[in-house]
Amino acid sequence: MATTDQTTPDHWDVIIVGTGHGGAQAAIALRQQGHEGSILMIGRDTAPPYERPPLSKEYLAGDKGFERIMIRPEAFWAERDITLRLGAAVTAIDPIAHRLTLSDGGQPTYRKLIWSGGGDPRRLPVPGAVLPGVFYVRDKADADAMMAALTDGAKRAVVIGGGYIGLEAAAVLRKLGCEVTLIEMLPRVLARVAGEELSTFYTAEHRRQGVDVRLETGVHSVLGEEAGRVTGVRLDTGEELACDMVIVGIGVVPAVAPLIAAGAAGSNGVDVDFCCRTTLDDVYAIGDCAAHANPYADNAVIRLESVQNAHDMAATVARAIMGEKEPYHALPWFWSNQYDLKLQTAGLNLDYDQTVLRGDPETRKFTVVYMRAGVPIAFDCVGTMKDYVQGRKLLENGPGKIDPALLANPDVAIRDLM
Ligand code: FAD
């Protein structure tokens with residue numbers, strides 16, 4: 001039943017599930033756009049909303065404390081009349097009654113529901129993976145547990161997974177003086193997200209920094225003392241690597257089980273339309289868990305795991321709830337920090353058929369341009385801020401074909417190719 005009246009003490013105009021990037025930004029955007037109804041944010045996490053990217057970067061390294069990664073100061077939420085219910089998980093949704101069931105026994109009802117549940121780390125499917133000393137990096141509690149292990153003297157780490165999170169964690173651990181081995185099953189790191197040039201560069205960089213990078217290597221099991229902590233990792237080859245901690249970064253499983261159980265359509269996350277509506281009445285979904293047709297991927301249905309996507313979808317959904325149904329069409333962008341290197345990515349490189357290298361990776365400043373049928377579709381910029389800024393503009397303007405020889409020349413500004 002759709003009503004804005006506070007008919008029961010636990011009825012809310014908007015309930016937001018998830019206190020991460022998407023959830024927090026949705027609440028902020030609703031208030032910015034003049035929404036005056038009640039807002040409840042429900043989160044499994046016990047900490048107030050915080051940024052996730054620093055968990056594998058500055059926070060893990062100890063360079064930024066929790067205060068500096070909070071999305072807003074703690075008092076902000078009450079000042080904006082946004083109620084936080086922390087440490088509570090939504091376990092079920094009744095889409096007809098517009099009612100949720102919570103792990104703390106609560107049964108709040110909503111007029112509109114925004115689901116921003118993000119994802120749970122994919123678990124390592126091998127024997128020994130549940131031993132103490134095996135870590136994932138998703139929540140503050142995960143990073144805190146790793147930091148505690150380091151304080152307790154862990155010195156040898158095996159990182160499983162050569163995606164951004166694994167590589168960033170490896171860089172921090174090296175900085176903290178650990179011996180690090182990084183295991184990647186595929187022939188190159190970042191294989192699912194970047195071209196060969198970037199993979200080759202980061203592999204070389206990590207090796208130069210002392211990480212033992214093992215490609216095309218599978219993990220057989222995690223070894224430990226009887227009922228004790230991790231002592232090593234056995235590879236598929238039979239080789240055993242001794243270690244005190246294992247960090248697993250092998251992807252994310254969208255956290256949408258209650259939505260799907262309630263009847264929402266979705267196979268990889270939950271399906272949403274152009275303004276982030278699910279197939280359930282009055283239920284929206286945003287962020288990592290939202291499978292949407294992305295205009296920068298030729299309207300292929302994809303999920304994006306980035307702060308940009310969570311923030312821009314939050315703005316789209318807030319507008320939709322305020323009655324302005326503007327299609328989601330934001331340009332995807334992303335970043336990753338490893339050692340002193342800053343990577344900035346614009347666009348999506350899906351189905352690229354050519355890459356153009358701009359600059360020399362030896363200088364640690366270069367750009368990879370991804371092309372499809374002669375048209376630039378994405379930029380990976382390592383230390384090349386200008387290329388990133390101008391590349392974004394180019395993509396937003398909808399570029400036509402560009403001569404690869406001109407793009408490859410770093411003396412020709414991308415701006416001049418528009
Ligand atoms: P999240 O921020 O994950 O928030 C989801 C919240 O929902 C969580 O708090 C979760 O506990 C809660 N939740 C889930 N299910 C329930 C339930 N049933 N009931 C109640 N609460 C629930 N992106 C970048 O763009 N650049 C980066 O450099 C970058 N680095 C990253 C580093 C790390 C270590 C991680 C983990 C992610 C990184 N990302 C980065 C990705 C980025 O953080 C995510 O894309 C973003 O947080 C997605 O926002 P979200 O709201 O969809 O999900």
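**Entry 1: the β4 and β5 hairpin**

I began with β4 and β5, which form a hairpin with four residues between them; in the turn, H98 has a positive phi of about 55°. A note for myself: helices (H or I, at least four residues) and strands (E, at least two) are DSSP runs, numbered from the N terminus. This is a predicted model, where local features need pLDDT of at least 70 and side-chain atom pairs count only at pLDDT 80 or more, while totals for chains, interfaces and linings use all residues. Residues are numbered from 1 along each chain as its sequence is written, and side-chain values use heavy atoms, with hydrogens and water left out.

Next I looked up how the two strands pair (DSSP must find at least two bridges between them). Strand β4 (residues 90-94) runs antiparallel to strand β5 (residues 99-102), and four bridges join them. I found L102 of β5 as the bridge partner of V90.

**Entry 2**

I moved along to β12 (residues 219-224) and β13 (residues 230-235), an antiparallel pair joined by five bridges. Here S221 stands opposite R234 in β13. Their hairpin has five residues between the strands, and A227 takes a positive phi near 50°.

β13 also pairs with β14 (residues 240-242): the two run antiparallel with three bridges. I noted G232 opposite A242 in β14. This hairpin has four residues between its strands, and G238 takes a positive phi near 100°.

**Entry 3: the ligand**

Which residues are closest to the ligand? I found G22, K57, S116, R138 and D288, out of 32 residues that surround it (near means that a heavy atom of the residue lies within 4 Å). By type, the shell holds 13 nonpolar, 13 polar and six charged residues. In this count Ala, Val, Leu, Ile, Met, Phe, Trp, Tyr, Cys and Pro are nonpolar, Asp, Glu, Lys and Arg are charged, and the others, Gly among them, are polar.

I then checked distances to oxygen atoms of the ligand. A polar side-chain atom of S116 lies 2.8 Å from one. A polar backbone atom of S306 is 2.9 Å from a ligand oxygen, and for a polar backbone atom of H21 the distance is 3.2 Å. The ligand taken alone exposes 1,000 Å², and the protein buries 97% of that (Shrake-Rupley method, 1.4 Å probe).

The elements giving two or more residues to this shell are α1 (21-32), α8 (307-321) and β21 (333-338). α1 gives the most, with three residues.

**Entry 4: the second largest pocket**

Last, I looked at the second largest pocket, with a volume of about 240 Å³. A pocket is an open set of points on a 1 Å grid over the protein atoms alone, where a 1.4 Å probe fits, with protein on both sides within 12 Å along at least five of seven lines; lining residues have an atom within 4 Å of a point. The volume is the space filled by probe spheres set on the points.

It is lined by 15 residues, and K57, V172, N337, Q338 and Y339 lie nearest its centre. α2 (58-61), α5 (164-175), β21 and β22 (341-347) each give two or more residues to the lining. The largest share, four residues, comes from α5. I sorted the lining into five nonpolar, three polar and seven charged residues.

How values were computed
A polar contact is a pair of N or O atoms within 3.5 Å; within protein, one must be able to donate a hydrogen and the other to accept it, and residues adjacent in sequence count only if both atoms are side-chain atoms.
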